[in-house]
Amino acid sequence: MSAGVDSIPVAAIRRVGAVGVFLGQILARIPASLGKPSLLIAQIYNAGARSLVIVMMSGLFVGMVLGLQGFNLLQRFGSADQVGVAVALGLLKELGPVVTALLFAGRAGTSLTSEIGLMKATDQLTAMQMMAVDPVRYVVAPRFLGGFIALPLLAAMFSIVGLYGGQLIAVAQMGVDSGAYWSNMQNAVALRDVSEGVWKSVAFGLACSLVAVYEGFHAAPTAEGVGLATTRTVVVSSVLVLLIDFLLTAAFFTNS
Amino acid sequence: MQSNRSLEIGTGLFVLLGFAALAFLTTQLPGSSLRIKGGDSGYKVLAAFDNIGDLKEGSPVTLAGVRIGRVEGIAIDSRTFKADVTLRIDRQYSEIPDDSDASIQTAGLLGGKYIGLTPGGSETFLKDGGQIELTQSALVLENLINKLFANIASKGPDQQNGQAAAPTPAPAVVDKEKK
């Protein structure tokens, strides 16, 4: 962080490198940190279970919007029956993983960054090192792994709630037959489509958790520094999520 | 200790729920053999069709345009090479004449297929496991276009040997195509 004299491009490259090195450090300590599963459990709870309400609520509304918009579009072609397909593919392949990751960055990523940053600002991390306790192993690795595990699960739940949100609009409100809604969806969605969404959410989980713990661990140890780091977490992870989303969509697209 | 316990239960619930969601997405949405069939209320009726087009399990069954049930199963009869379609009709519509006629229809030009029932005049009603004898296959658009072209080709120069394979539906198709 304290690059000081580096020019902007060099500083950018150095930052990317620093994140990579940090990821290597975390990965090397993950087997050791699994020796104390209660740390990991607490972090899955923090990152996952406590984000559940906001993720499910957003899923419901996104599904309802997809139901309305899909119905509006498909109605013009006389194929409103296919609205289930539009909702399912939209959720599974794009909106489920992406919106969940953005919410995750705002809800869980910020709390990870500010927690670790505050530990640093109050010299808790230094104190750990004094006692020969590795802070990466005990503080960073469980938080990283917790977020990494939680995000794909949250994205799956987001998609399912969204499917029912779409049904709420399309079937209950717009009068699409519920059998047609689900059976057209089941006939059009392939395992590929589901796995594309799952891979995306895994990649987003890695990116969001890594950015959050990196920013926290390398925050300037002041109140202002923690605030800046938290803001940066949201900005960097959001941009990164959208960038990775494009890359993965392109990768899955050319394969077909 | 107590807070630790509730935290572990919460995490466990979250992880189980997450994996249940993943399992639902991977097995119930794609055409998988693990798919759970819906509950069975109502009664079953069988109908054999020559060609069902792209009728699917779950497609609606209607009477006078009102949905009265859905397609529960589609199988092929290995002797007659017809499609055996199982319809599940809601119990409240129990008085459908047993000489009713089932035809496969399309919702809109691009819409999905559904089965439309036209009631007959019989005094006896369809029962659970009963069979609809009068069926009409799906209109396959490609076949209609083929017939139309065959018709035009044969009618072209000499009028007398055009035996008019399907004179009535053909103009309807042309109309639809122009839209």
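**View 1. Strands β1 and β4 of chain B pair in the antiparallel sense.** In this predicted model, strand β1, which covers residues 43-49 of chain B, and strand β4, which covers residues 83-89 of chain B, are joined over seven bridges. One residue pair that can be picked out is Lys44(B), whose bridge partner in β4(B) is Arg88(B).

**View 2. An open sheet of eight strands in chain B has mixed pairing.** Reading across the sheet, the strands of chain B come in the order β7-β1-β4-β3-β2-β6-β5-β8. At the edges lie β7 (130-132) and β8 (134-136) of chain B, each of which pairs on one side only. With direction ignored, neighbouring strands of this sheet are turned by 30° against each other on average.

**View 3. Chain A has nine helices and zero strands.** Followed along the sequence, chain A therefore reads as the pattern α-α-α-α-α-α-α-α-α, where each symbol stands for a helix under the run-based naming of such elements. The C-alpha trace of chain A spans about 70 × 40 × 35 Å along its principal axes, and of the 256 residues of chain A, 49% count as buried. Among contacts in chain A between residues at least 6 apart in sequence, 86% join residues at least 24 apart.

**View 4. Chain A and chain B are in contact.** The contact takes 32 residues from chain A and 30 residues from chain B. On the side of chain A that touches chain B, at least two residues each are supplied by α2 (37-47), α4 (83-121), α6 (135-173), α7 (178-188) and α8 (191-217) of chain A, and the largest share, eight residues, comes from α7(A). The residues of this side of chain A divide into 21 nonpolar, nine polar and two charged.

Note on methods: Residues are numbered from 1 along each chain as its sequence is written. Chains are lettered from A and ligands numbered from 1 in the order in which they are written. This is a predicted model: local features need pLDDT of at least 70, side-chain atom pairs count only at pLDDT 80 or more; totals for chains, interfaces and linings use all residues. Two residues are in contact if their C-beta atoms, placed from the backbone, lie within 7 Å. Helices (H or I, at least four residues) and strands (E, at least two) are DSSP runs, numbered from the N terminus. Ala, Val, Leu, Ile, Met, Phe, Trp, Tyr, Cys and Pro count as nonpolar, Asp, Glu, Lys and Arg as charged, and the others, Gly among them, as polar. A residue is buried if 20 or more other C-beta atoms lie within 10 Å of its own, exposed if 12 or fewer, and partly exposed in between; C-beta atoms are placed from the backbone. Two strands pair if DSSP finds at least two bridges between them. Axes are lines fitted to C-alpha atoms, for helices over the stretch in contact, and angles run from 0 to 180 degrees between N-to-C directions.
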